[in-house]
Amino acid sequence: MTRAIKPRLYFAVAQALPKRDVDKMKIKAAVLNQMGAEPPYDKSKPLSIDEFELDDPGHGEVMVKIGAAGLCHSDLSVIDGNRPRPTPMVLGHEAAGTVEKLGPGVDDLKVGDHVVMVFVPSCGHCLPCAEGRPALCEPGAIANNAGTLLSGARRLHRNGGDVHHHLGCSAFAEYATVSRRSLVKIDQELPFDEAALFGCAVLTGVGAVINTAKASAGSSVAVIGLGGVGRGYLPTHQKRFRYGPWTNQRLLPQSAPSRKQKCKTGEQPLDRRAA
Ligand SMILES: [Zn+2]
Ligand SMILES: [Zn+2]
């Protein structure tokens, strides 16, 4: 029987680990200094580009050179204050990139590997993780709410102060130091701008079909809203995007637009999606 570690204890132990001296590198990133800016955002400009110090990865952490990052509605929900988070915070959680540095204890990745970030790090030990529901990881949720990595650390700094991480990623940046448990290794052939979508839009859309709706192959469904999530499960991008039994079933509109085309309704293309 698997013993679940109490999330708060896990978090406290991680926080209490001895701080080691770390090297820092200068990076540029998009930071939210204050929530609640009034739209339109092209006028109020809630995000600003600033210079930060980024720590080398600690134990179980990895530094990633960001290749692409998408704008998700969860980023906008922090900007407008609907989902309050501590500030200043570097946003961005739907991203892909290249492994730049490995922290101690990371032995299943190597420098140069391509990875996608996931927005809930899973500890692998708490009850939801032990039950096979890593998206509900309790220490992961605590860390995300606090604006830290899974270890409890903040690896971003500005003017001597800590800067918060968004969903353990903070990917609107040149580089990000994240928990190994916030990363999934991917095939190097997948372009970064497509791979990044697997970090949120695709897994949310696919998860809604497979895990929530439990739609069976061949069944007809209606997709309400063809934004990033709504189109996230549509394997219209040739053979690369195949999701088990769904391909070529009636579940999928055969004439659905490719992800780089604009919708007929004039929506933003998926690459610039807001939802
Ligand atoms: Zn998202
Ligand atoms: Zn967990």
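I began at valine 78, which lies in helix α3, spanning residues 73-79. I kept in mind that this is a predicted model.

Is valine 78 buried or exposed? I found it buried, because 23 other C-beta atoms lie within 10 Å and the cut-off for buried is 20 or more.

Next I listed what valine 78 touches, leaving out residues up to four places away in sequence: Leu32, Met35, Arg83, Arg85, Met89, Leu91 and His166.

**Entry: the core**

I then turned to the largest nonpolar core, which has 58 residues. Val64, Val90, Ala171 and Ala173 have the most contacts inside it. I noted that this core draws at least three residues from each of domain 1 (7-190) and domain 2 (200-266).

I followed up on valine 90. Among the residues it touches, not counting those up to four places away in sequence, are Ala29, Val31, Leu156, Phe172 and Ala173. His166 is on the list for valine 90, and His166 is on the list for valine 78 too.

**Entry: helix α5**

In helix α5, residues 138-146, I found Glu138, Pro139, Gly140, Ala143 and Asn144 buried. Just after α5, glycine 147 takes a positive phi of about 80 degrees.

**Entry: the whole chain**

Last, I stepped back. I noted seven helices and ten strands in the chain, and 40% of its 275 residues count as buried.

Technical notes
Residues numbered from 1 in each chain as written. Chains lettered and ligands numbered in written order. Predicted model: local features only at pLDDT ≥ 70, side-chain atom pairs only at ≥ 80, totals over all residues. Helix = DSSP H or I, 4+ residues; strand = E, 2+ residues; numbered from the N terminus. Buried ≥ 20, exposed ≤ 12 C-beta atoms within 10 Å, placed from the backbone. Core = buried A, V, L, I, M, F, W, Y, C linked by C-beta atoms within 7 Å. Domains from an automatic or database assignment. Contact = placed C-beta atoms within 7 Å.
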